[in-house]
Amino acid sequence: MANRGPSYGLSREVQDKIEQKYAAELEARLVGWIVAQCGDDLERPEPGKQNFQKWLMSGTILCRLINSLYPSGEEPVKKITETSMVFKQMEKISQFLQAAEDYGVNRGDIFQTVDLWEGKDMAAVQRTLMALGSEALTKDDGHYCGDKDWFHRKAKIHKREFSEEQLRQGRGLIGMQMGSNRGASQSGMVGYGTPRQIMRHDSPRHNGHQSNP
């Protein structure tokens, strides 16, 4: 883990709550999936959040992971170099995050570079990897490796396409359902604001006779 000062007061309380979200069982699942995707030559880390963070923080494994989800020659990270230079490692993490978003992971599920490199929020790192695994399983394009029960399969959206003729018929049907005012008139209607004339039953006008002036 990168060197940083201890947390005090409110910052320590916030950090404690963040750390409570980290799941050891997800860690084991994610390690198993990453090894399955990247190959058995990848050495597994010892259990524990700090070991998981150190295993991923150089960005190399993450870049190998995202590349394994693409056909050969179409990998998003073209060159993966081993380096101890901090800015290069953070650059590789950023490349992974951009590639994960391009792959289909929702931006709200993407962790920040410092969440991993400084170990600020390893639960967020887990969420991103779980979202990536779910996306890979849902695509079902032959590049997912590992147990299919490790992730949930997302519901697919079925978009319906309509021909111009179907759309025209639909518009006609809606017009029929709304009815027609053809042949309607305003005969006998009283204009808005015009007072109604109330006639007595014995009025000459009511009986059809005009009164003499």
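Biologist: Leaving aside its neighbours within four places in sequence, which residues is Thr113 in contact with?
Modeller: This is a predicted model, in which local features need pLDDT of at least 70 and side-chain atom pairs count only at pLDDT 80 or more, while totals for chains, interfaces and linings use all residues. Residues are numbered from 1 along each chain as its sequence is written, and side-chain values use heavy atoms, with hydrogens and water left out. With contact taken as heavy atoms within 4.5 Å, the partners of Thr113 are Met90, Ile93, Ser94 and Leu97.

Biologist: Is Thr113 buried or exposed?
Modeller: The classes use relative accessible area, with buried under 20%, exposed over 50% and partly exposed in between (1.4 Å probe, protein chains only). Since Thr113 has a relative accessible area of 14%, the residue counts as buried.

Biologist: How are helix 2 and helix 3 oriented to each other?
Modeller: Helices here are DSSP runs (H or I, at least four residues), numbered from the N terminus, and the axes of helix 2 (residues 24-38) and helix 3 (residues 49-56) come within 11 Å and cross at roughly 25°. Angles under 35 degrees count as roughly parallel, over 145 as roughly antiparallel, 65 to 115 as roughly perpendicular and the rest as oblique. The two helices, helix 2 and helix 3, are therefore roughly parallel.

Biologist: How far is the sulfur of Cys145 from the closest cysteine sulfur?
Modeller: A disulfide requires a pair of cysteine sulfur atoms within 2.5 Å, and by this rule the count is zero. The closest sulfur to that of Cys145 belongs to Cys38, which is too far for a bond, the separation being 9.4 Å.

Conventions
Axes fitted to C-alpha atoms, helices over the stretch in contact; angles between N-to-C directions.
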